[in-house]
Structures are given as structure tokens and as C-alpha cells.
Amino acid sequence: MPDNPRENTDRIYLFVCFDPMPLLRKIILSLMLWLLAVSGSPLSAAIGHDHPTATKYESITDRSFAWPSVDEWVRVLTLRDYNTRVVLVGTTLLGIAAGILGCFTLLRKRALMGDALSHATLPGIGIAFMLAVMTGGTGKSLPILLLGAAVSGVLGLAMILLIRNLTRLKEDTALGIILSVFFGAGVAVLGVVQSMGKGHAAGLESFINGKTASMVASDAQLIACVAALVVFFCVALFKEFRLICFDADYAKSQGWPTILLDVVMMSLVIVVTVIGLQAVGLILIIALLIVPAAAARFWTERLVVMLMIAGLLGAASSLIGASLSALLPNFPSGAMIVLTATVFFLISMFLGAERGVFIRWANRWKFEKKVRRQHLLRAVFELVEGDEIGAGTPAYPISFQDLLAMRSWSARRLSREVGRAVRDGLIIETYAADRKIKFTQQGFREAALVVRQHRLWELYLITHADIAPSHVDRDADTIEHVLGPDMMAELEALLFTTGVPASPHKVETQALPGH
Amino acid sequence: MLESLESWSWALDGWIIAAGALCAAASALLGPYLVLRKMSMMGDAISHAVLPGIAIAFLVTESRASLPMFIGAAIVGLLTAIFTEWIRRFGKVDEGASMGVVFTGLFALGLVLVVQAADKVDLDPGCVLYGAIELTPLDTTTVLGYDVPRVVITLGAVALLNLTCVLLFYKELKITSFDPALATTLGISSRLMHYLLMTLVAITAVASFEAVGNILVVAMLIVPAAAAYMLTDRLSVMIFLSVIIGIASAALGHLSAIMVPAIFGFGSTITAGMMALSAGVLFVVAALCGPRHGIIIKLIQRRRFAAKCLGAPH
Amino acid sequence: MLNNHSIPARTRGADHSPESPLSIHDLTVAYDRKPVLWDVDLEVSAGKLIGIVGPNGAGKSTLIKAVLDLLPRASGHVNIFGKSYKESRARVGYVPQRESVDWDFPVSALDVVAMGRYRKIGWCRPVTRSHKNAAMEALDRVGIANLAHRQISQLSGGQQQRAFLARALVQDADLYLMDEPFAAVDAATETAIVGLLQNLRERGKTCLIVHHDLQTVREYFDEVILMNMRVVAHGPTETTFTEENLRKTYGGKLTLLGEAAEANARQSAGKH
């Protein structure tokens with residue numbers, strides 16, 4: 001009984017006395033502000049020092065270069081290597097930010113927006129590189145490239161919104177157009193860059209495929225900064241984002257600037273994408289924005305919890321994926337991160353506690369079992385009842401054949417159901433000359449309850465919902481099983497004061513049992 | 001600007017345009033259905049997701065033989081559609097998200113496999129992404145005494161296959177796109193049609209990307225169809241226009257790949273990218289100037305309507 | 001008291017009283033070139049339950065959405081308590097159609113109701129305990145406080161509708177616009193909603209309700225607006241909800257008319 005009134009008052013009481021959410025919110029917000037403020041120098045101190053010549057597996061504490069593989073495991077897992085440390089910190093923060101932000105884009109039904117926007121950043125990167133080279137720089141300055149990426153991402157977003165609002169094309173087509181045209185433009189620009197002959201363009205490819213292993217402390221700092229910013233926005237605007245995701249029209253009628261909020265959300269997506277380009281690459285950052293959020297949805301029906309789980313899954317995928325990649329040099333880290341996330345998704349999809357496939361199958365199976373049991377009890381009861389009323393001799397216990405004729409069930413299915421009911425002590429089956437069935441005490445009581453419920457509901461439908469009586473039985477068969485005891489009491493009061501109308505069933509013109 | 005065309009040679013540039021146009025035609029035949037079924041992103045998803053199919057074919061056959069690669073990629077492409085549908089149905093995940101999960105997962109798997117295969121065969125992920133249409137004329141076979149690029153033959157065959165399917169199943173595809181429930185009651189399996197379409201998309205993606213890269217396929221699947229949708233209300237006309245726009249943007253793309261960078265004093269650039277960009281430009285033109293649904297005509301109508309309302313006597 | 005106005009009512013345009021909860025002047029709304037509302041003039045009196053009745057596609061929902069600035073207007077203006085909608089937004093509560101929402105969304109009934117307070121809470125501030133208590137109170141008023149922590153898809157249709165009503169209640173508005181609150185709800189919910197509406201009226205609130213069931217119009221509403229792309233008739237239910245006006249509104253749909261006439265006859269017979 002999920003809705004025990006006492007249990008509920010307790011819950012309300014508890015809820016009024018202590019609400020942990022505002023506190024948690026304050027803690028997260030100030031933590032993010034702190035992270036934002038300190039992601040300059042102290043973080044790099046925490047990670048270690050950036051050695052310009054740092055090669056993979058170079059460590060601060062131990063500079064020996066020969067180690068067995070067990071040691072390698074230990075080194076990676078205990079974060080003893082400077083490089084591993086940078087990579088793991090960076091990708092994990094990215095995972096958290098992308099996971100949390102992904103929840104909102106998923107619920108806004110804009111999961112693929114990240115896909116389009118990440119592709120849309122490419123021309124910006126190329127043009128920024130060209131401009132930097134033309135003005136005398138090397139073109140390798142990360143902030144300039146990322147700025148270019150962000151600008152063209154915002155441009156892509158604007159174009160998507162324009163196409164969606166000004167033409168009759170749907171959002172998915174707008175995304176597809178921007179994705180392919182911008183990426184095409186980006187490829188063309190990169191082609192020009194290559195033909196410039198200045199040589200250094202090769203590094204730009206890492207934006208498409210990601211180059212996690214070459215991440216340095218300043219990259220990790222940038223990621224930390226951005227991650228803190230994204231989490232800060234998601235927590236501060238939690239209520240607003242939830243509102244536009246759930247019911248944008250209502251939000252608009254309340255005077256919330258829904259377009260502005262959408263733009264803020266999508267700008268955060270662009271920011272995460274731009275930062276993620278370097279870490280895991282253009283295509284795989286999309287996965288971090290979608291997969292952990294989609295996986296988290298299976299575990300909970302509460303948005304706050306969903307955000308936490310998604311952040312956790314994002315972090316875990318990044319951590320595990322990057323570690324695996326550090327251990328197995330032939331496995332690119334971006335891909336390993338996404339594969340780990342996909343594994344988490346599959347596990348969640350099947351085992352998820354709230355919406356997972358297994359739990360829903362189990363619920364449905366339970367429900368069907370209950371429906372079958374009630375069908376059997378009702379059939380037996382109606383037969384017994386009919387005999388008592390009918391002119392003939394009471395043939396109790398009733399025969400299996402009569403029971404078979406009551407419904408459109410096969411003999412096999414019926415015997416199986418009867419066998420189950422016998423095991424549960426509801427009916428007794430005897431095999432004298434013929435198969436005979438009769439109720440136990442408990443079985444009779446339960447059957448009476450079921451029949452009563454069924455008839456109440458049927459009568460309710462007839463009297464109140466103006467449904468043609470010929471349709472009633474079918475509906476009642478499925479709906480009665482979800483009626484709770486409270487509803488039954490309500491129905492009783494409602495119906496037995498107004499009197500009992502004629503029912504479509506022959507047998508049910510008789511007085512109801514239990515009265 | 002025109003000097004940059006001095007090195008133009010029909011033997012080379014003609015074949016490049018032919019390859020691009022065939023790819024565009026093959027994709028643009030399917031595009032209208034993707035757009036109308038609100039599945040535009042499926043083209044993108046499939047063309048990314050075929051990577052593991054190709055990599056597995058490489059690993060198994062240890063060669064760049066076309067047929068195994070083709071089959072492997074087509075199977076994985078179809079699997080993408082099936083997995084997406086499964087996750088959407090069984091996991092109750094929003095369609096876009098389930099697509100995202102499937103294609104990024106498969107793409108990541110593909111990347112890992114490609115790296116493993118890299119020791120054995122030369123396979124460049126970058127090449128997969130934006131192809132090497134410029135090298136098309138170099139790899140030829142002899143057909144009826146003429147030297148024809150292998151790619152042109154493959155793409156021609158795929159374009160023909162798509163054309164046949166679209167002609168054969170025109171009304172089935174039409175009705176399943178418009179009203180799948182009605183189609184099912186009429187005895188036309190909308191699921192079968194869905195997977196037929198997805199198979200064709202996968203085949204087109206695979207055939208195209210060796211030559212022109214998957215970016216061009218994605219662009220040609222959606223952009224010409226979207227442009228055509230702005231110009232007409234009839235499906236048959238839309239498919240026809242879509243093909244025309246696709247072919248036009250292929251030609252325009254190659255020309256501008258040579259000429260546009262020259263304006264700024266650079267050498268030529270990657271043709272596939274410029275073809276996608278040209279398609280985008282054509283789309284913008286169509287979206288602005290469409291006869292009934294164009295942005296300009298709509299603005300004018302709205303203005304006129306408001307004026308009429310205000311001007312009405314009270 | 002307002003009389004049985006019939007169109008054209010343009011002559012009334014000028015003398016809108018400033019304090020009317022809702023006055024609409026010359027409103028025309030069009031999707032592209034297809035007008036769905038044509039020259040709507042309306043003045044609603046305070047403290048009344050007002051039903052908006054008309055055939056499918058008559059623009060009933062469109063009217064509400066246009067008032068709320070959810071749809072662009074081709075012409076005309078809307079005054080709420082003498083000011084524009086933007087200025088008097090806080091005094092307007094909106095109950096959208098149930099279909100407009102993704103019921104799979106991970107929020108509880110309480111969360112949904114608390115959304116009615118978001119505007120009052122303001123930017124970036126969290127939903128505090130006092131707001132949650134107010135939401136809980138509203139849930140209690142619509143009779144589903146015991147379901148406060150259920151995810152919304154686990155509520156029945158009627159309970160979902162009650163949650164929406166509770167959300168409008170916590171706004172503590174003076175004018176409520178409700179889009180088909182009686183659509184597909186069970187009898188118990190219908191009774192509960194009617195009780196709630198009467199309570200709102202007693203407290204001087206004005207409710208505009210899109211309604212589809214002609215049989216209950218007389219029972220529920222003080223005033224009725226009959227519309228079919230334009231306002232056919234507007235006035236007290238007694239004098240306005242007549243067979244003649246219904247015929248003007250519904251045109252040739254005789255079965256519906258017959259039903260309504262029957263219901264009318266039954267009801268007036270019962271009253272006299």
C-alpha cells in the first residue's frame with residue numbers, strides 16, 4: 001500500500017522540518033566560485049608542475065624509466081605520474097560538467113544540438129588559425145583557437161534558431177543543415193590552411209579526433225575553470241532550466257525569457273564542446289553530453305538526483321576511460337571514455353532502478369499475473385454464484401469444463417492458472433471422475449473482494465462516465481486492477497447512495513456479495 | 001580569379017564533378033524522405049557509425065578490398081537504425097538521445113578498431129571524415145574501352161539503386177512517411193520501409209565516403225532536400241528538385257574550391273567541403289526566395305495582412 | 001449587467017472600463033495567412049466564472065494563448081486590469097491543456113505546483129521551504145496532498161489536472177485562464193474542480209474557462225462566451241446560452257445542437 005495516509009503525513013512532516021537542498025545548493029555554488037577563482041595557480045600546484053619536456057610517464061617523485069606492468073597499473077591508479085594526473089583531472093572535470101549540462105539538453109529534447117554545435121565550431125578554429133598566422137603569430141595559441149570555435153558555434157546556434165523559426169523546416173533538419181554545411185566550410189578552411197604551406201596546420205586535426213594524452217596543466221586549468229562555470233550556471237539556474245524543459249509555454253506565460261534561457265543553455269553546450277574538442281575530440285564530446293544524462297534517467301524520477309548521477313557517471317566514464325587509455329597505449333583515450341560511458345549506459349538501461357528495462361518488465365509481469373489471477377477468481381465466483389441463483393441443482397464444486405467456457409482461455413492456460421491458485425491455497429482441485437474446483441475460505445474471501453471491485457467499477461463507469469454499457473466490461477477488466485482501496489471506498493459511497501443501475505451482465509443483476 | 005581555372009582539365013575536374021554529382025544525386029534521392037520523416041540526423045548518425053564496420057572488414061580481410069568493407073559498413077549502418085529504435089522503444093529514451101548514444105558509441109568503437117588496424121593497413125580516420133575526392137581520377141578501371149574512375153562506377157551503381165528503389169516504392173515510402181499508422185492498416189509495413197530507407201542510407205554513406213568523405217554525404221542527404229522543401233509542396237517535385245540542387249552544388253562546389261581561395265591568394269582547397277558549403281548557399285537562397293514558403297514572401301504577407309487588419313473600417 | 005451582445009460589437013471598443021479583469025479590443029490572430037480569430041472584442045466582468053464555448057477549431061485556445069502573448073497578434077490589444085499583459089502578469093494564472101506537457105519529465109507533483117511560484121521567487125534563487133509549503137497547501141486544496149511526492153506520470157489524468165490547477169492557485173492570481181480543465185477527467189475531479197472554481201469566485205477572482213461539454217454550461221458558468229473565430233455572443237448564461245445563439249455558433253452541426261437543446265430544456269424545466 002504505497003499511499004498509506006500516515007506514512008504520508010510523516011513524510012510531509014519530515015519535509016517541513018528539514019530540507020537539505022538549499023544547503024547543498026549553497027555549498028555547490030560556493031565551491032564552484034572557489035574553483036573558478038583558484039583555477040589559476042593553486043590548481044596547477046595541486047596537480048604538480050608543468051615540465052615543458054614532460055613525456056608520458058615522467059614523474060616527479062620517481063624518474064626511473066623501466067618498470068614492470070604491475071607497477072604501471074599502480075602508477076596510473078595512484079596518480080603518481082604528472083601527465084596522467086593532468087589528463088585524469090581534466091577529463092574528469094569535463095565529464096562532470098558535460099553530464100550535468102547534458103541532463104537539461106536531454107530533457108529539453110535537444111540532445112543532438114551538441115552534435116550540430118560541435119561540428120559548427122570547426123570553421124571558427126580554421127579561420128582563427130589563419131588570422132593568427134596572417135597577423136604574424138604561430139596560430140597555435142589555444143585561447144585564440146577556442147575563441148574562434150566559440151564564435152562560430154554561436155553563429156551556428158543563431159542559424160539553427162533562425163531556420164527553425166523562420167521556415168517550415170523542423171529542428172532536426174535545421175541541425176542537420178548547420179552541422180554539415182558548417183563542417184563542410186570548416187574542412188574547406190582547413191584545406192586552405194594546409195595549402196598556406198606554413199606547416200603547423202597538422203595540429204588542428206587534433207580538434208577532430210582529440211588528443212587527450214598531450215593535455216598539459218594549462219589545459220586542465222582551462223577545463224576546470226569552464227567546468228566550474230557550467231556547474232555554477234546549472235545550479236544557479238536550476239529552477240529556470242527545469243521550468244523551460246518541463247513546460248516552455250507556461251514559462252513564457254509567466255514572463256520568463258524562454259529564448260534567453262535557451263540561448264544560455266546552448267551557449268553552455270558550446271562552451272563545453274569547445275573545451276572538449278581538445279580533450280576527446282569533436283565527435284566524442286557529443287557522447288559525453290548525451291550518454292551519461294540518458295543513463296542517469298533510468299535511475300531516478302527526481303531531477304536533482306538525475307543531475308548528480310549524470311555528473312557522477314560522466315566523471316566515472318572519463319576517469320576509467322582515460323586510465324585505461326593510459327595503461328593501454330594503443331587505445332585512444334577519447335574513444336575509451338565514450339566506450340566506458342556506453343557500457344554505463346547499457347548497464348543503466350537494463351538495471352536502472354526506476355525506468356530500467358528489467359524493472360519495467362518485472363512490473364508488467366507482476367501486473368499481468370495479478371490480472372490473470374483475478375480473471376480466474378472472478379470466473380469461479382460467477383459460476384458458483386450462478387448456480388446458487390439458477391434453477392438447477394447447485395453443482396458445487398464446479399467442473400473444469402464449465403470454467404473453461406467462461407472465458408476465451410485455452411485449457412492449458414487455465415490449468416496452469418488453476419495450478420498456481422491451488423499452490424497459493426486459494427482453490428482446491430479434486431480429480432474424482434471429472435476435474436472439480438472449489439474455493440478455500442481464503443480464496444472465497446479474495447474472490448468476493450475482486451468481484452465486488454470489478455462490479456463497483458463497472459457501475460461507476462455506467463453511472464458517471466457516460467460510456468456505452470456495451471463497452472464497459474472491456475475497460476473495467478484492465479482498469480479495476482489499478483484501483484486502490486481509497487478509491488473503492490469513494491465509489492461505494494458514491495454508488496450505493498444513488499442506487500444500482502442495470503448492468504450489462506446477466507449475473508450481475510443480482511445483489512452484490514458481501515451485502 | 002579566372003586564371004585559377006587555367007589548370008582546368010576535363011579529364012581530371014570533369015571526373016571529380018561527376019563523382020560529386022553522383023554522390024549528391026544518390027543522397028538527394030533519399031534526403032526528402034529523411035527530412036519529411038523528421039530523421040535528418042539519422043544520415044549523420046549512420047555515416048559516423050559505419051566506421052566499426054569498415055574497421056572490422058579491414059581486420060578480417062587485412063586488405064582494402066571494397067566488397068567486404070562495403071558489406072561490413074552496410075550491416076553496421078543498418079544496426080545503427082535498429083539499435084536506435086530498440087533503445088527508443090525499450091529504454092523509453094528520446095529519439096535524438098538514443099541516436100546520439102548509438103552513433104557515438106559505435107564511432108568510438110570504430111576509432112579503437114581503426115587504431116588496432118593501423119598496424120596492418122593504412123587507414124586514415126581523417127580520410128574517412130572528409131574524403132579525397134581530388135584523387136578520384138587517379139584510380140581508374142576500363143569500361144567499354146574507356147578509362148573510368150572506379151569511384152564513379154560505384155557511385156553510379158548506388159545512385160541507380162536508390163533511383164530504382166525510390167521509383168519502385170514511391171507510394172509506399174510516401175504513405176509511410178506521411179502516416180505510418182494508416183500505412184500499417186493498409187498492409188504496408190512502415191517498419192520494413194523504415195529499414196529499407198536506412199539500408200539505402202547506409203549503402204550510400206559507405207559508397208560515398210571512400211571517395212568524397214562522410215561530410216559530403218551528410219550534407220547531400222539533408223541540405224538539397226531541405227532547399228527543395230522550401231520550393232515546393234509536392235513530393236515528386238521535391239525529390240526532383242533535390243537531385244537538381246544536389247548536382248548543382250557539386251559542380252558549384254568544385255568550381256569554388258578552385259576559385260574562391262584564389263580570390264584571397266591561396267591555392268585550391270578541399271572540394272568535398274566546398275560542395276557542402278555550396279549546398280548551404282543554395283539552401284539559403286531557396287529559404288529566402290521560395291515562392292510560397294520563402295522567408296521574404298512570408299514577411300511581406302505578414303506585413304500586408306497586419307496592414308489589412310489595421311486598415312479595416314471599425 | 002451585460003446584455004446578450006452579438007457581433008458586431010465594435011461600437012463598444014472605446015468605453016472599456018479600466019478595471020475590467022480582461023478587455024480585448026479588435027484582436028485578430030492568424031497562423032501565416034489563415035486567420036483563426038477575427039476582430040474579437042470582449043470585456044469580462046470581475047468575480048465571474050466565464051465559459052468559452054464553441055466548436056472544434058473555433059479559436060478558443062488561440063484566444064487564451066493570444067491573451068498570454070504566446071502567439072503573435074496580427075492586430076488589436078489586450079488589457080488586463082487596465083494594463084498590458086506584461087505589466088499585470090503577476091495577476092494572471094494560466095492552466096494549459098494537459099497535452100502540452102511532457103509527462104515523463106522527472107518532477108514530482110509538488111515540483112510542478114511550486115513552479116507557480118517561480119516568478120515570485122525570482123531569478124537564480126532556490127525554491128525555499130515556505131514556497132514548498134505553499135505548494136503543499138495548494139495540493140491539499142485540490143485534494144491530492146498525499147500524492148505530492150509522486151512523479152507526475154504516476155498520477156491519473158484527473159490528478160494531473162488537479163496538479164495544474166494547484167499550480168495556478170499558488171500564483172494567487174486575480175484572473176485565471178484555463179484551457180479545457182474538464183477534458184478527460186473523472187467525475188470526482190470534475191466535482192472537485194467545480195467546487196474550487198466556486199471558491200475562487202467567492203473570493204472575487206475571475207475565471208475564463210475553455211469548455212467543451214455543452215450539457216454542463218448552464219450549471220457551471222455565470223457568463224458564457226460563444227465563439228467561432230469571432231465572438232458570436234457574450235453575456236449571462238441565462239440569456240445568452242440560447243438555442244438561437246448556439247445555432248449561430250455551431251452552424252449545421254445538428255446532433256450537437258439537439259443534445260444541447262435537450263439539456264437546455266431539461267435544465268430550465270428543472271429550474272422553473
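Residues are numbered from 1 along each chain as its sequence is written, while chains are lettered from A and ligands numbered from 1 in the order in which they are written. Since the model is predicted, local features need pLDDT of at least 70 and side-chain atom pairs count only at pLDDT 80 or more, whereas totals for chains, interfaces and linings use all residues.

Chain A comes out as domain 1 (19-352) and domain 2 (356-515), with bounds from an automatic or database domain assignment. Where they meet, domain 1 of chain A puts in 6 residues and domain 2 of chain A puts in 4; two residues are in contact if their C-beta atoms, placed from the backbone, lie within 7 Å. The domain 1 side of this contact has 4 nonpolar, 2 polar and no charged residues. Here Ala, Val, Leu, Ile, Met, Phe, Trp, Tyr, Cys and Pro count as nonpolar, Asp, Glu, Lys and Arg as charged, and the others, Gly among them, as polar.

Turning to the two chains, 58 residues of chain B touch 48 residues of chain A. Several helices of chain B each supply at least two residues to its side, including H4 (66-90), H11 (214-231) and H13 (271-289). Helix H5 (95-117) is another of them, and H5(B) gives the most, with 14 residues. By class, the chain B side splits into 38 nonpolar, 16 polar and 4 charged residues.

Chain C has 10 helices and 10 strands; helices (H or I, at least four residues) and strands (E, at least two) are DSSP runs, numbered from the N terminus. Of its 272 residues, 46% count as buried, where buried means 20 or more other C-beta atoms within 10 Å of the residue's own, exposed 12 or fewer, and partly exposed in between, with C-beta atoms placed from the backbone. Among contacts in chain C between residues at least 6 apart in sequence, 70% join residues at least 24 apart.

Strand E4 (residues 49-53) of chain C has 5 of its 5 residues buried, so it is largely enclosed by the rest of the structure. Leu49(C), Gly51(C) and Val53(C) are buried on one side, as are Ile50(C) and Ile52(C) on the other. E4(C) pairs in the parallel sense with strand E8 (residues 206-210) over 4 bridges, pairing requiring at least two DSSP bridges between the strands. In that pairing Leu49(C) stands opposite Cys207(C). E4(C) also runs parallel to strand E9 (residues 223-228), again over 4 bridges, and there Ile52(C) has Ile225(C) as its bridge partner.
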